[in-house]
Amino acid sequence: MNDENVVLPSDGGLTFTRLTPDGAATPVDRQLAEEVPVAIEYNGAGYAVLMATPADMDDLVQGFSLAERLVTRADGLLDVDVHRTDSGVIARATLPPHRTEGLLERVRHRASDSSCGLCGIENLEQAIRPLPKVTTTSLADRGAIFRALEALRDHQPLNAATGAAHAAALVGVDGGIRLVREDIGRHNAFDKLIGAMARQDMDWDGGFALLSSRCSYELVEKAALADCPLLVTISAPTRLATERAAAAGLPLVALARSDALLHCGNAVAL
(Lines give C-alpha, C1' and ligand atoms only; values in the text may rest on other atoms or scores of the structure.)
Protein backbone atom coordinates (compact mmCIF):
# COMPACT_ATOMS: atom_id res chain seq x y z
CA MET A 1 0.00 0.00 0.00
CA ASN A 2 1.27 3.47 -0.84
CA ASP A 3 1.60 5.72 2.18
CA GLU A 4 -0.11 8.60 0.37
CA ASN A 5 -3.25 6.48 0.06
CA VAL A 6 -3.53 5.84 3.78
CA VAL A 7 -5.92 8.02 5.77
CA LEU A 8 -4.50 8.03 9.28
CA PRO A 9 -5.99 10.02 12.16
CA SER A 10 -4.26 13.37 12.58
CA ASP A 11 -6.01 14.79 15.63
CA GLY A 12 -4.60 12.44 18.23
CA GLY A 13 -7.76 10.40 18.41
CA LEU A 14 -9.87 10.27 21.55
CA THR A 15 -9.15 9.71 25.22
CA PHE A 16 -10.87 6.66 26.66
CA THR A 17 -10.84 5.21 30.16
CA ARG A 18 -9.37 1.71 30.37
CA LEU A 19 -11.18 -0.36 33.00
CA THR A 20 -9.72 -3.59 34.39
CA PRO A 21 -11.20 -6.30 36.65
CA ASP A 22 -9.13 -5.11 39.64
CA GLY A 23 -11.04 -1.82 39.68
CA ALA A 24 -8.33 0.33 38.08
CA ALA A 25 -9.29 3.12 35.69
CA THR A 26 -6.58 4.52 33.43
CA PRO A 27 -6.89 7.17 30.69
CA VAL A 28 -5.65 5.98 27.31
CA ASP A 29 -5.47 7.73 23.94
CA ARG A 30 -6.65 5.85 20.86
CA GLN A 31 -6.49 6.86 17.23
CA LEU A 32 -9.77 6.33 15.39
CA ALA A 33 -10.43 5.23 11.82
CA GLU A 34 -12.30 7.63 9.57
CA GLU A 35 -15.80 6.54 8.50
CA VAL A 36 -17.79 8.81 6.19
CA PRO A 37 -20.69 8.48 3.75
CA VAL A 38 -19.53 8.02 0.17
CA ALA A 39 -22.22 8.78 -2.40
CA ILE A 40 -21.60 7.12 -5.77
CA GLU A 41 -23.26 8.62 -8.83
CA TYR A 42 -23.31 7.28 -12.37
CA ASN A 43 -24.26 9.45 -15.34
CA GLY A 44 -25.63 12.07 -12.98
CA ALA A 45 -27.90 9.67 -11.07
CA GLY A 46 -27.42 8.68 -7.44
CA TYR A 47 -26.79 4.94 -7.14
CA ALA A 48 -25.43 4.04 -3.70
CA VAL A 49 -24.25 5.49 -0.43
CA LEU A 50 -21.53 3.48 1.29
CA MET A 51 -19.98 4.00 4.69
CA ALA A 52 -16.28 3.85 3.93
CA THR A 53 -12.80 5.05 4.74
CA PRO A 54 -12.21 8.14 2.54
CA ALA A 55 -9.10 6.87 0.73
CA ASP A 56 -8.52 5.28 -2.68
CA MET A 57 -11.88 6.54 -3.95
CA ASP A 58 -11.03 5.87 -7.62
CA ASP A 59 -10.21 2.26 -6.73
CA LEU A 60 -13.40 1.92 -4.69
CA VAL A 61 -15.66 3.18 -7.49
CA GLN A 62 -13.92 1.05 -10.12
CA GLY A 63 -14.12 -2.11 -8.02
CA PHE A 64 -17.67 -1.42 -6.88
CA SER A 65 -18.77 -0.90 -10.49
CA LEU A 66 -17.25 -4.23 -11.48
CA ALA A 67 -18.87 -5.99 -8.54
CA GLU A 68 -22.25 -4.47 -9.41
CA ARG A 69 -21.83 -5.77 -12.99
CA LEU A 70 -22.31 -2.27 -14.33
CA VAL A 71 -19.07 -2.60 -16.31
CA THR A 72 -16.42 -5.21 -17.09
CA ARG A 73 -12.67 -4.80 -17.35
CA ALA A 74 -13.09 -4.84 -21.13
CA ASP A 75 -14.92 -1.50 -20.84
CA GLY A 76 -11.74 0.17 -19.65
CA LEU A 77 -11.29 2.43 -16.65
CA LEU A 78 -13.91 4.84 -15.38
CA ASP A 79 -13.17 8.51 -14.99
CA VAL A 80 -14.09 9.35 -11.41
CA ASP A 81 -14.54 12.87 -10.06
CA VAL A 82 -14.23 12.93 -6.28
CA HIS A 83 -15.70 15.81 -4.30
CA ARG A 84 -15.08 16.05 -0.57
CA THR A 85 -17.68 17.92 1.45
CA ASP A 86 -18.33 18.58 5.12
CA SER A 87 -20.90 15.75 5.06
CA GLY A 88 -18.81 13.14 3.24
CA VAL A 89 -17.60 12.29 -0.23
CA ILE A 90 -19.38 12.40 -3.58
CA ALA A 91 -17.82 10.24 -6.32
CA ARG A 92 -19.19 10.79 -9.82
CA ALA A 93 -18.49 8.41 -12.72
CA THR A 94 -19.75 8.11 -16.27
CA LEU A 95 -20.57 4.70 -17.72
CA PRO A 96 -20.08 3.87 -21.40
CA PRO A 97 -23.23 4.40 -23.51
CA HIS A 98 -23.80 0.67 -24.00
CA ARG A 99 -23.97 0.21 -20.21
CA THR A 100 -26.70 2.80 -19.64
CA GLU A 101 -29.60 0.35 -19.88
CA GLY A 102 -28.14 -1.88 -17.19
CA LEU A 103 -27.65 1.16 -14.98
CA LEU A 104 -31.27 2.23 -15.35
CA GLU A 105 -32.48 -1.25 -14.40
CA ARG A 106 -30.81 -1.04 -10.99
CA VAL A 107 -30.69 2.64 -10.15
CA ARG A 108 -34.15 2.85 -8.54
CA HIS A 109 -34.19 2.82 -4.74
CA ARG A 110 -30.50 1.88 -4.59
CA ALA A 111 -28.99 2.84 -1.21
CA SER A 112 -26.66 0.94 1.08
CA ASP A 113 -24.86 1.49 4.34
CA SER A 114 -22.20 -1.22 3.93
CA SER A 115 -21.89 -2.10 0.26
CA CYS A 116 -24.12 -5.05 0.98
CA GLY A 117 -25.17 -5.46 -2.63
CA LEU A 118 -28.84 -6.14 -1.79
CA CYS A 119 -30.47 -2.81 -0.98
CA GLY A 120 -32.84 -1.82 -3.75
CA ILE A 121 -33.02 -5.31 -5.24
CA GLU A 122 -36.67 -6.17 -5.70
CA ASN A 123 -36.81 -9.98 -5.77
CA LEU A 124 -34.90 -13.07 -4.71
CA GLU A 125 -33.82 -13.93 -8.24
CA GLN A 126 -31.95 -10.63 -8.46
CA ALA A 127 -30.30 -11.26 -5.09
CA ILE A 128 -28.82 -14.64 -6.06
CA ARG A 129 -27.87 -14.15 -9.69
CA PRO A 130 -25.79 -16.78 -11.53
CA LEU A 131 -22.06 -16.28 -11.28
CA PRO A 132 -19.54 -16.77 -14.07
CA LYS A 133 -17.21 -19.73 -13.78
CA VAL A 134 -13.72 -18.89 -12.55
CA THR A 135 -11.25 -19.43 -15.40
CA THR A 136 -7.95 -18.73 -13.62
CA THR A 137 -5.87 -21.15 -11.56
CA SER A 138 -3.87 -20.53 -8.41
CA LEU A 139 -0.43 -22.12 -8.27
CA ALA A 140 0.12 -21.20 -4.63
CA ASP A 141 0.56 -23.93 -2.03
CA ARG A 142 -0.27 -23.90 1.67
CA GLY A 143 3.18 -22.57 2.49
CA ALA A 144 2.44 -19.46 0.43
CA ILE A 145 -0.78 -18.91 2.36
CA PHE A 146 0.96 -19.17 5.72
CA ARG A 147 3.71 -16.78 4.56
CA ALA A 148 1.10 -14.26 3.42
CA LEU A 149 -0.74 -14.51 6.74
CA GLU A 150 2.47 -13.79 8.62
CA ALA A 151 3.26 -10.78 6.43
CA LEU A 152 -0.20 -9.20 6.20
CA ARG A 153 0.02 -7.26 9.47
CA ASP A 154 3.00 -5.28 8.14
CA HIS A 155 0.84 -4.09 5.22
CA GLN A 156 -2.01 -2.75 7.37
CA PRO A 157 -0.95 0.72 8.56
CA LEU A 158 -4.51 1.95 9.10
CA ASN A 159 -5.42 -1.09 11.19
CA ALA A 160 -2.16 -0.82 13.11
CA ALA A 161 -3.06 2.75 14.06
CA THR A 162 -6.73 2.20 14.84
CA GLY A 163 -7.51 -1.52 15.15
CA ALA A 164 -10.66 -0.85 13.12
CA ALA A 165 -9.89 -1.60 9.46
CA HIS A 166 -10.16 -4.64 7.21
CA ALA A 167 -7.58 -5.48 4.55
CA ALA A 168 -7.78 -7.13 1.16
CA ALA A 169 -4.51 -8.30 -0.37
CA LEU A 170 -3.34 -9.52 -3.76
CA VAL A 171 -0.84 -12.27 -3.00
CA GLY A 172 1.69 -13.77 -5.37
CA VAL A 173 2.40 -17.44 -5.99
CA ASP A 174 5.25 -17.35 -3.46
CA GLY A 175 3.12 -15.80 -0.72
CA GLY A 176 4.53 -12.32 -1.22
CA ILE A 177 1.98 -9.54 -0.81
CA ARG A 178 1.83 -7.49 -4.01
CA LEU A 179 -0.94 -4.99 -3.24
CA VAL A 180 -3.20 -4.15 -0.27
CA ARG A 181 -6.17 -1.91 0.29
CA GLU A 182 -7.75 -1.12 3.68
CA ASP A 183 -11.18 0.12 4.71
CA ILE A 184 -13.50 0.02 7.69
CA GLY A 185 -15.76 -2.22 5.57
CA ARG A 186 -14.62 -5.63 4.36
CA HIS A 187 -16.63 -5.27 1.14
CA ASN A 188 -15.13 -1.85 0.48
CA ALA A 189 -11.60 -3.13 1.04
CA PHE A 190 -12.10 -5.89 -1.53
CA ASP A 191 -13.71 -3.48 -4.00
CA LYS A 192 -10.74 -1.16 -3.58
CA LEU A 193 -8.30 -4.00 -4.22
CA ILE A 194 -10.13 -5.19 -7.34
CA GLY A 195 -10.43 -1.61 -8.56
CA ALA A 196 -6.74 -0.94 -7.91
CA MET A 197 -5.80 -4.09 -9.84
CA ALA A 198 -7.87 -2.91 -12.80
CA ARG A 199 -6.44 0.59 -12.67
CA GLN A 200 -2.87 -0.70 -12.46
CA ASP A 201 -3.47 -3.44 -15.06
CA MET A 202 -2.55 -6.17 -12.58
CA ASP A 203 -3.75 -9.79 -12.77
CA TRP A 204 -3.82 -12.66 -10.31
CA ASP A 205 -0.87 -14.37 -12.06
CA GLY A 206 -1.41 -17.66 -10.25
CA GLY A 207 -1.71 -16.07 -6.82
CA PHE A 208 -4.76 -15.46 -4.65
CA ALA A 209 -6.79 -12.97 -2.61
CA LEU A 210 -6.37 -12.78 1.17
CA LEU A 211 -9.08 -11.03 3.20
CA SER A 212 -8.95 -10.16 6.90
CA SER A 213 -12.62 -10.96 7.44
CA ARG A 214 -15.24 -13.66 7.49
CA CYS A 215 -16.22 -15.15 4.15
CA SER A 216 -19.69 -13.90 3.23
CA TYR A 217 -21.47 -14.72 -0.01
CA GLU A 218 -20.95 -11.12 -1.22
CA LEU A 219 -17.18 -11.54 -1.01
CA VAL A 220 -17.40 -14.82 -2.90
CA GLU A 221 -19.39 -13.05 -5.60
CA LYS A 222 -16.85 -10.23 -5.87
CA ALA A 223 -14.06 -12.81 -6.14
CA ALA A 224 -15.84 -14.81 -8.83
CA LEU A 225 -16.68 -11.70 -10.85
CA ALA A 226 -13.01 -10.68 -10.63
CA ASP A 227 -11.98 -14.17 -11.86
CA CYS A 228 -10.00 -14.74 -8.67
CA PRO A 229 -8.31 -18.17 -8.67
CA LEU A 230 -8.36 -18.69 -4.87
CA LEU A 231 -10.07 -16.81 -2.03
CA VAL A 232 -8.54 -17.00 1.46
CA THR A 233 -10.27 -15.45 4.47
CA ILE A 234 -9.13 -15.21 8.06
CA SER A 235 -12.55 -15.99 9.54
CA ALA A 236 -15.25 -18.55 8.84
CA PRO A 237 -17.50 -18.80 5.77
CA THR A 238 -21.26 -18.92 5.70
CA ARG A 239 -22.97 -21.93 4.15
CA LEU A 240 -24.22 -19.81 1.24
CA ALA A 241 -20.67 -18.58 0.62
CA THR A 242 -19.38 -22.13 0.25
CA GLU A 243 -22.29 -23.07 -2.00
CA ARG A 244 -21.78 -20.06 -4.24
CA ALA A 245 -18.03 -20.68 -4.38
CA ALA A 246 -18.58 -24.31 -5.40
CA ALA A 247 -21.05 -23.29 -8.11
CA ALA A 248 -18.56 -20.79 -9.55
CA GLY A 249 -15.60 -23.15 -9.28
CA LEU A 250 -13.90 -20.78 -6.85
CA PRO A 251 -11.43 -22.53 -4.51
CA LEU A 252 -11.98 -21.39 -0.95
CA VAL A 253 -9.83 -21.41 2.18
CA ALA A 254 -11.27 -20.09 5.45
CA LEU A 255 -10.31 -19.70 9.10
CA ALA A 256 -6.78 -19.17 7.86
CA ARG A 257 -4.63 -18.68 10.93
CA SER A 258 -0.92 -19.03 11.68
CA ASP A 259 -1.30 -22.63 12.90
CA ALA A 260 -3.94 -24.07 10.56
CA LEU A 261 -6.47 -23.33 7.84
CA LEU A 262 -9.64 -24.91 6.51
CA HIS A 263 -9.66 -26.02 2.88
CA CYS A 264 -13.29 -26.00 1.83
CA GLY A 265 -13.09 -28.90 -0.58
CA ASN A 266 -12.78 -27.07 -3.89
CA ALA A 267 -10.60 -28.55 -6.60
CA VAL A 268 -7.22 -27.09 -5.75
CA ALA A 269 -4.14 -28.83 -4.40
CA LEU A 270 -2.77 -27.39 -1.18
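Predicted model: local features only at pLDDT ≥ 70, side-chain atom pairs only at ≥ 80, totals over all residues.
1. Contact here means heavy atoms within 4.5 Å. Setting aside neighbours within four places in sequence, Leu231 is in contact with several residues, including Phe190, Leu219, Val220, Ala223 and Leu250.

2. Which residues touch the most other members of the largest nonpolar core? They are Val38, Tyr42, Val61, Leu78, Phe190 and Leu231, in a core of 50 residues. Helix α6 gives the most to this core, with seven residues. Apart from it you will find another core, of 17 residues, with Ala148 and Ala256 among them.

3. Now follow helix α6 (residues 186–199) to helix α7 (residues 217–225): the two pack at an angle of about 5°, and their axes are 10 Å apart. Angles under 35 degrees count as roughly parallel, so α6 and α7 are roughly parallel to each other. On the α6 side the contact is made by Arg186, His187, Phe190, Asp191 and Ile194, and on the α7 side by Glu218, Leu219, Lys222 and Ala223. Sorted by class, that contact has four nonpolar, one polar and four charged residues.

4. Asp59 sits in helix α1 and Arg199 in helix α6, 140 residues apart. Is each partner buried or exposed? Asp59 is buried, at 7% relative accessible area, while Arg199 is partly exposed, at 30%.

5. One more pair to find is Arg99 with Asp75, a salt bridge of 2.8 Å, N to O. Each partner lies in a loop, so the pair ties together parts that are 24 residues apart in sequence.

Note on methods: Residues numbered from 1 in each chain as written. Heavy atoms only, no water. Axes fitted to C-alpha atoms, helices over the stretch in contact; angles between N-to-C directions. Helix = DSSP H or I, 4+ residues; strand = E, 2+ residues; numbered from the N terminus. Parallel < 35°, antiparallel > 145°, perpendicular 65-115°, else oblique. Nonpolar A, V, L, I, M, F, W, Y, C, P; charged D, E, K, R; others polar. Core = buried A, V, L, I, M, F, W, Y, C linked by side-chain atoms within 4.5 Å. Buried < 20%, exposed > 50% of the residue type's maximum accessible area, 1.4 Å probe, protein only. Salt bridge = Lys/Arg side-chain N within 4 Å of Asp/Glu carboxyl O.
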